[in-house]
Amino acid sequence: MEPCQEFSIEQLVMMVSKAENQEIVEVINSLSIRRYLASSDDIRLCPTPGCKYAGFIFEDELANCSKPLECNLCYAKWVDKI
Ligand SMILES: [Zn+2]
């Protein structure tokens, strides 16, 4: 069985900077965006399974607002606690 292929950060940066393989570039960009969205304090991901909507919030406004958040894609509503 072949081992899983892995790349060093340097190799990934080289691939992106040279844009040798557009498919790999798109995968790296997608992974980077998902990681950013999941780790950012001011981004909320829709909790609906399968929905990929991510919205930007102002935390100070959210703290003073009693209304639930609403997904702009599937219109699910949820209460988010900071
Ligand atoms: Zn949604």
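Modeller: Before we start, one term: a helix axis here is a line fitted to C-alpha atoms over the stretch in contact, and angles between axes run from 0 to 180 degrees. Also, this is a predicted model.

Biologist: Fine. How do the axes of H1 and H2 cross?

Modeller: H1 covers residues 9-18 and H2 covers residues 22-39. Their axes come within 9 Å and cross at roughly 120°. The two helices are therefore oblique to each other.

Biologist: Is the crossing left-handed or right-handed?

Modeller: The crossing of H1 and H2 is left-handed.

Biologist: Which residues make the contact?

Modeller: From H1, Leu 12, Met 15 and Val 16. From H2, Ile 24, Val 25 and Ile 28.

Biologist: And by class, what does that contact of H1 with H2 have?

Modeller: It has 6 nonpolar residues, no polar ones and no charged ones.

Biologist: Zooming out. Which domains is the protein divided into?

Modeller: Domain 1 is 7-39 and domain 2 is 41-82. Taken over C-alpha atoms, the domain centres are separated by 27 Å.

Biologist: Let's talk strands. Where is Arg 44?

Modeller: Arg 44 is in strand S1, residues 43-45.

Biologist: What does Arg 44 touch?

Modeller: Leaving out residues up to four places away in sequence, Arg 44 touches Ala 54, Gly 55, Ile 57, Leu 69 and Asp 80.

Biologist: Why does Arg 44 count as partly exposed?

Modeller: Because Arg 44 has 18 C-beta neighbours inside 10 Å. Buried would take 20 or more, and exposed 12 or fewer.

Biologist: What separates Arg 44 from Ile 33?

Modeller: 13 Å between C-alpha atoms, and 11 residues along the chain.

Biologist: Back to Gly 55. Where does Gly 55 sit, and what does it touch?

Modeller: Gly 55 is in strand S2, residues 54-56. Setting aside residues up to four places away in sequence, Gly 55 touches Arg 44 and Asn 72. Gly 55 is partly exposed, with 15 other C-beta atoms within 10 Å.

Biologist: How far apart are Gly 55 and Leu 69?

Modeller: They are 14 residues apart in sequence. C-alpha to C-alpha, Gly 55 and Leu 69 are 9.5 Å apart in space.

Biologist: New topic, Tyr 75. What is its phi?

Modeller: Tyr 75 has a positive phi of about 65°, although it is not a glycine. Most residues other than glycine have a negative phi.

Biologist: Where does Tyr 75 lie?

Modeller: Tyr 75 lies in the loop between strand S3 (69-70) and strand S4 (77-78).

Biologist: Is Tyr 75 buried or exposed?

Modeller: Tyr 75 is exposed, because 11 other C-beta atoms lie within 10 Å.

Key: Residues numbered from 1 in each chain as written. Predicted model: local features only at pLDDT ≥ 70, side-chain atom pairs only at ≥ 80, totals over all residues. Helix = DSSP H or I, 4+ residues; strand = E, 2+ residues; numbered from the N terminus. Parallel < 35°, antiparallel > 145°, perpendicular 65-115°, else oblique. Left-handed = near helix turned anticlockwise from the far one by under 90°. Contact = placed C-beta atoms within 7 Å. Nonpolar A, V, L, I, M, F, W, Y, C, P; charged D, E, K, R; others polar. Domains from an automatic or database assignment.
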